[in-house]
Amino acid sequence: MTGVDVLLLALGLVATGAGALVVSSRHLVRAGLHLVVCLGAVAGLYLVLGAELVAWVQILIYVGAIVVLLLFAAMLTRAPIGASPEHDRPGWAAGLVGGGVGLGLAVLLVDAYRWTAVPTPPAGTAERLGAEIFRGWVLPFEALSILLLAALVGAIVVSRPEIGGRR
């Protein structure tokens with residue numbers, strides 16, 4: 001086992017642990033901060049794998065923008081930010097489903113590769129990645145941004161009955 005393997009394993013454990021804390025936390029803000037750690041660990045995985053551009057995009061878009069958008073939307077909707085009895089549900093069913101899916105995917109992965117070295121293609125350049133995004137994937141990229149904007153506007157309208165609602 002090389003140092004890179006150990007680093008990948010450590011970052012994977014951090015990402016998995018932080019992800020478990022995201023879904024098990026009773027505090028919304030703490031869950032958002034755990035999400036930052038989880039997404040940062042995934043960015044670290046990208047860095048170790050040699051995909052620097054994807055790692056920085058991960059940090060800028062997911063850690064910087066999406067998490068801030070989630071926390072901002074939670075504050076706008078007047079959702080309970082602290083511990084809430086609404087979040088105090090038994091989590092055994094979700095844990096059972098999540099654990100089962102994770103175990104199944106791990107078994108499939110181990111069965112598919114059986115710890116063999118897989119030849120990887122050469123690392124993509126920023127120019128090649130940018131060309132793919134802005135030529136072949138520009139429409140889904142823009143549709144996703146419109147969907148996120150519509151979700152934010154919808155959350156504001158739903159949370160504020162004085163906007164457009166009857167009095």
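Predicted model: local features only at pLDDT ≥ 70, side-chain atom pairs only at ≥ 80, totals over all residues.
**Helix 1**

I started with helix 1, residues 3-24, and checked its length: its 22 residues reach 31 Å from first C-alpha to last, close to the 32 Å expected at 1.5 Å a residue.

Which residues of helix 1 are buried? I found Leu11, Ala15 and Ala18. Looking down the axis of helix 1, I saw these buried residues fall within an arc of 70°, so they line one face of the helix.

Then I turned helix 1 around. The face turned away from the buried side carries the exposed residues Leu13, Thr16 and Val23. As for what sits over the buried residues of helix 1, the cover includes helix 2, residues 28-48.

**Helix 2**

The buried list for helix 2 reads Ala31, Gly32, Cys38, Leu39, Ala41, Ala43 and Gly44. What covers these buried residues of helix 2? I noted that the cover includes helix 1 and helix 3, the latter being residues 52-76. Just past the end of helix 2, I spotted Gly50 with a positive phi of about 90°.

I picked Gln58 in helix 3. Is Gln58 buried or exposed? Its relative accessibility is 7%, and the cut-off for buried is under 20%, so Gln58 counts as buried. Leaving out residues up to four places away in sequence, Gln58 touches Leu39, Val42, Ala43, Tyr46 and Val63. Two of these names, Leu39 and Ala43, I had already written down as buried residues of helix 2.

For contrast I looked at Tyr62, also in helix 3. Tyr62 has 39% relative accessibility, so I filed it as partly exposed.

**A nonpolar patch**

Tyr62 turned up again when I went over the surface. A nonpolar patch there is formed by Leu53, Val54, Val57, Leu60, Ile61, Tyr62, Leu129, Phe134, Val138, Leu139 and Phe141, with about 960 Å² of accessible area together. The elements giving two or more residues to the patch are helix 3, helix 5 (126-136) and helix 6 (138-159). Which helix gives the most? Helix 3 does, with 6 residues.

**Helix 4**

I checked helix 4, residues 92-113, in the same way. It has 22 residues and reaches 31 Å between its first and last C-alpha, close to the expected 32 Å. Just after helix 4 comes Arg114, with a positive phi of about 50°.

**Whole chain**

Last, I zoomed out. How many helices and strands does the chain have? I get 6 helices and 0 strands, and from the N terminus on the order is α-α-α-α-α-α.

The chain has 167 residues, and 12% of them count as buried. I also looked at the contacts with a separation of 6 or more: residues 24 or more positions apart account for 63% of these. The chain exposes about 12500 Å², and carbon and sulfur atoms supply 73% of that.

Key: Residues numbered from 1 in each chain as written. Heavy atoms only, no water. Helix = DSSP H or I, 4+ residues; strand = E, 2+ residues; numbered from the N terminus. Expected span 1.5 Å × (residues − 1). Buried < 20%, exposed > 50% of the residue type's maximum accessible area, 1.4 Å probe, protein only. Arc of directions from axis to C-beta. Contact = heavy atoms within 4.5 Å. Patch = residues over 30% accessible without salt bridge, like charges linked within 9 Å, V, L, I, M, F, W, Y side chains within 5 Å. Areas by Shrake-Rupley, 256 points an atom, 1.4 Å probe, with all protein chains shown as cover. Salt bridge = Lys/Arg side-chain N within 4 Å of Asp/Glu carboxyl O.
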